[in-house]
Amino acid sequence: MQENREQWSSKTSFILAAAGSAVGLGNIWKFPYIAGENGGAAFLFIYLICIILIGLPILNIEILLGRTTKKNPVGAFVALSDSTFWKYVGVLGVFASFTILSFYSVVGGWSIAYTYEALIGTFNTTAFDNPSAAGKFFDLKNSSAAWVLGYHTLFLSLVVIILLSGVRAGLEKASKFLMPVLIFILLILVVQGLILPDANKGVSFLFQPDWSKINGQTILLALGHAFFTLSLGMGAMMTYGSYLSDKDDVVNASYLVAFLDTIIAIFAGLAIFTVVFSSGYDPTAGPGLVFHVLPPLLSDLVGGYIFAFLFFLLLSIAAITSGISILEVSVAYLVDEKNVPRKKAVLIMASLVYLAAIPCALSFNILSESTFDFQGKPFTFFDIADYLASNVLLPLGGLFLAIFAGYFWGIDDVIKNLLVGESNSIYFGNSIAKSKNFKSIFGFTVKYICPFLIFLVFLYSIGWI
Ligand code: PHE
């Protein structure tokens, strides 16, 4: 273990930072549109099952691997196993962090751009009269490579500024300030959504299942999204866990992070679908839901100027606190494994991500015709990065983590390590890991349920079943 490795100043700081990583574009941009396209409540139900059965155990394992080894994903596997195979599983995580950030940074850039447009009042102009006009505005802006690249640069620069200050002064301070602001804004938006006429239609869309919409594809999406939304399968939670002290409990922290992440996704769904249904629009607008449909609808409301601004500010904050955790994985890798000083590591990795993101940013203009056929649909670089991350790399990382914990590290050792720090649990009063059946349920889930389900879904996602 490194002598001078930074640590979170408290358990609450870790919870906020980990929740900041989990709560991101996945909750506010992605969850509402995939739920919208896949039957609303029916999707929510399957997604919750994936979170409980697969997300939670993997979240525990990731944080624990980090806390136990005090290392980045590559170093963590090397510390616990002699085989180079596991080292490459860690490397896969570093690769996933590049892939995710390359499209994440583009959407993060859009969020900042729309916060600015909301601020200067563009949403109240004719360009945002209705969702189809707003869609044209979005396409027009994206047809300029300079516009997309410019906002991507701004987003990544904000991430870099926070990372340069280190764990406590950067990651921790940003999450401690930004997460309460995020929750506050979200609550305002939920309340204003719920008091709109016909808000109940939005609520029942999210809570009354339409089972006919569920098929193999839905389950794949739900599982991939469970990984994405909890920041699992690429070592982000492992890296954040590596800044925990052994005194801090893992199990209860995991439950709290998963709970916060889920409740925030549901609240974002409520805030969005109440507005969409109250204006008589279609919830199945896809990735454009937030950028096409919402701005004109929000700005038509009484006080719409401020609500639209708050919404995009919320989206930008969520993207930044997640963006920092994605890049931190590769930064920690350079710092731990290659002894590169932190600031230099941040600049090197950010420059590489910057380059990797260029094809994604150009997918909406110069490279929009460069597509690849996949499952009968044309995929741009942006689509590939998104699909590859959520449906291949993260579930694959999760599969390896479950196999590692269940069969190589061993459930007995995992539980022994999980119990370290458990007596210091301040959340929920009682420690969950000490409860009677925890070991058998946890062991069974990690050894059998997680690998089996993830494997099935993985085969489906690469088109083999
Ligand atoms: N959890 C983040 C979100 O929901 C995305 C993310 C994925 C962050 C993987 C870190 C690692 O937007």
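**Notebook: cavities and the ligand**

I searched the whole structure and found four cavities of 30 Å³ or more. Grid points are joined across faces, edges and corners, and a volume is the space filled by probe spheres set on the points.

A note on the source: this is a predicted model, in which local features need pLDDT of at least 70, side-chain atom pairs count only at pLDDT 80 or more, and totals for chains, interfaces and linings use all residues. Residues are numbered from 1 along each chain as its sequence is written, and side-chain values use heavy atoms, with hydrogens and water left out.

**Largest cavity**

I put its space at about 120 Å³. I counted 18 lining residues (an atom within 4 Å of a point). Ser21, Ile100, Phe228, Ser231 and Ile326 lie nearest the centre of the largest cavity. Sorting that lining by class, I got 10 nonpolar, eight polar and no charged residues. In this sorting Ala, Val, Leu, Ile, Met, Phe, Trp, Tyr, Cys and Pro are nonpolar, Asp, Glu, Lys and Arg are charged, and the others, Gly among them, are polar.

**The ligand**

Where does the ligand sit? I found it in the largest cavity, with "sits" meaning that more than half of its atoms lie within 2 Å of the cavity's grid points.

Next I listed the 16 residues around the ligand (a heavy atom within 4 Å). Ala22, Gly26, Tyr104, Phe228 and Ser231 come nearest. The shell has eight nonpolar, eight polar and no charged residues. At least two shell residues each come from α1 (11–22), α2 (25–37), α5 (84–119), α10 (216–229) and α14 (304–338); helices here are DSSP runs of H or I, at least four residues, numbered from the N terminus. These five helices also each give at least two residues to the lining of the largest cavity.

I then looked up polar contacts (N or O atom pairs within 3.5 Å). Ligand oxygen atoms lie 2.9 Å from a polar backbone atom of Ala22 and 2.8 Å from one of Gly26. For Tyr104, a polar side-chain atom is 2.5 Å from a ligand oxygen. The protein covers 100% of the 320 Å² of accessible area that the ligand has on its own (Shrake-Rupley method, 1.4 Å probe).

**Second largest cavity**

I noted a volume of about 70 Å³ here. Its lining has 13 residues, with Phe77, Val89, Gly233, Met234 and Gly235 closest to the centre.

Terms used. A polar contact is a pair of N or O atoms within 3.5 Å; within protein, one must be able to donate a hydrogen and the other to accept it, and residues adjacent in sequence count only if both atoms are side-chain atoms. On a 1 Å grid over the protein atoms alone, a cavity is a set of points where a 1.4 Å probe fits but cannot get out, and a pocket is an open set with protein on both sides within 12 Å along at least five of seven lines; lining residues have an atom within 4 Å of a point.
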